[in-house]
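Reader: I'd like to learn how to read a structure like this one. Could you walk me through it, feature by feature?

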Amino acid sequence: MKTSNPVLSRFGQAAERERAAGYAQPGPYGQPGYPQQYQPYPQQPQYAAGPAYPVTPVTETPMTLDDVVVKTVTMLAILGGAAAATWVLVPDQLLGAAWLGGAVVGLVLGLIISFSRMANPALVVAYSIIEGVFVGAVSKTFESFYDGIVLQAVVATFGVFFVMTMLYKARVIRATPKFTKIMVAIMGGLFATMMINLVLSLFGVNTHLRDGSGLAIVFSLVCIVVASLSFVLNFANIEEGVRMGLPQRYAWTAAFGIVVGLVWLYLEVLRLLSYLQGDD
């Protein structure tokens, strides 16, 4: 199953590799090799009398849903701690630097993790810390202009995530092939639009997508809806990874994908709330 999230889209490929590695070379007399967990004999020296028995590779504990939950909570705790530390320790005059630095470094780490073929817990933890610095700087800046906005955004973000979790669990929304293709196309378009808007803003061009206008409100609403629906794709890929028996280390990859979605949703909700509050 495909997804627009480059991390979780590799679950299918990883499952195929792990499954292929789970079978040994053909055994004696040409019969197929046993799966890893069922190979009965260790490698024996090959004598002239015949071929050796199949090898028993070292097996790994398969990933479970509980593993993903624990890793997600761990990442959120690290991110939240880094955000709180940034809020308390970074002076107001350095918030801009923390904001920009966290955004750039977080983007680089996110791309490395996303396109890496192996789960790397160290990189995932590092990403959580850097993203926490970014979120902390952004949150403190918004809070300085709109009192109470951060708490509202946090509650709304986790409320939406809870609702999407319940809808997916009840199979009200499913990641069908058509749904997935539409989501991939929309998310790709949104990403391109935001990048173009960012570049144009550097040259002083205002597209009115991020200035609090009616168009900006509509754009943020679209982003919030799409970010919310993206969790359906994430859940489906995690479910598939568990079903295929991916190694436990891929729980970090799954958790990373969920946290990326939560941060995106939080930032869009924060921005929308700032538009609605205006100058009040």
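**From single residues to the whole fold**

Author: Let's start with Val226, which counts as buried because its relative accessible area is 5%. The cut-offs are under 20% for buried, over 50% for exposed and partly exposed in between, using a 1.4 Å probe and protein chains only. Bear in mind that this is a predicted model, where local features need pLDDT of at least 70, side-chain atom pairs count only at pLDDT 80 or more, and totals for chains, interfaces and linings use all residues. Numbering starts from 1 along each chain as its sequence is written, and side-chain values use heavy atoms, with hydrogens and water left out.

Reader: Where does Val226 lie, and with which residues is Val226 in contact?

Author: Val226 sits in helix H7. Contact means heavy atoms within 4.5 Å. Setting aside neighbours within four places in sequence, the partners of Val226 are Met183, Ile186, Met187, Leu190 and Trp264. Leu265 is 39 residues away from Val226 in sequence, yet their C-alpha atoms are 9.0 Å apart.

Reader: Can you show me another one, say Ile149: buried or exposed?

Author: Ile149 is buried, because its relative accessibility is 0%. You'll find Ile149 in helix H5. Leaving out residues up to four places away in sequence, Ile149 touches Phe142, Glu143, Leu270, Leu273, Ser274 and Gln277. Ser139 is ten residues along the chain from Ile149, with 8.5 Å between the two C-alpha atoms.

Reader: Stepping back, how many helices and strands are in the chain?

Author: Helices (H or I, at least four residues) and strands (E, at least two) are DSSP runs, numbered from the N terminus. Here you get eight helices and zero strands. Of the 280 residues in the chain, 40% are buried. Among contacts between residues at least 6 apart in sequence, 77% join residues at least 24 apart.

Reader: How do I check a helix's length, and what comes after H7?

Author: The expected span is 1.5 Å times one less than the number of residues. H7, with 31 residues, reaches 46 Å from first C-alpha to last, close to the expected 45 Å. H2 has 25 residues and should span 36 Å, so its end C-alpha separation of 36 Å agrees. After H7 comes Gly245, with a positive phi near 75°.

Reader: Which residues other than glycine have a positive phi?

Author: Arg171 is one of them, with phi near 65°, and His208 is another, also near 65°. Arg171 is in the loop between H5 and H6, while His208 is in the loop between H6 and H7. Arg171 is partly exposed because its relative accessibility is 39%; His208 is partly exposed because its value is 40%.

Reader: What should I know about the largest nonpolar core?

Author: In soluble globular proteins, nonpolar side chains tend to be buried together. A nonpolar core is a set of buried Ala, Val, Leu, Ile, Met, Phe, Trp, Tyr and Cys residues joined through side-chain atoms within 4.5 Å. The largest one here has 56 residues, and Met75, Phe231, Trp264 and Leu270 touch the most other members. H2, H3, H4, H5, H6, H7 and H8 each supply at least two residues. H8 gives the largest share, 17 residues.

Reader: Which residues does Met75 touch?

Author: Not counting residues up to four places away, Met75 touches Val124, Tyr127, Ser128, Trp252, Ala255, Phe256 and Val259. Met75 is one of the buried residues of H2, a list that also includes Leu79, Ala82 and Ala83. The cover over the buried residues of H2 includes H4, H7 and H8.

Reader: And pockets: what lines the second largest pocket?

Author: Rolling a probe the size of a water molecule over the atoms shows where empty space is left. On a 1 Å grid over the protein atoms alone, a pocket is an open set of points where a 1.4 Å probe fits, with protein on both sides within 12 Å along at least five of seven lines; lining residues have an atom within 4 Å of a point. The second largest pocket holds about 450 Å³. Of its 17 lining residues, Leu65, Val69, Phe161, Thr165 and Phe235 are the closest to the centre. H2, H5, H7 and H8 each give two or more residues to this lining, and H2 has the largest share with six.

Notes:
Grid points are joined across faces, edges and corners, and a volume is the space filled by probe spheres set on the points.
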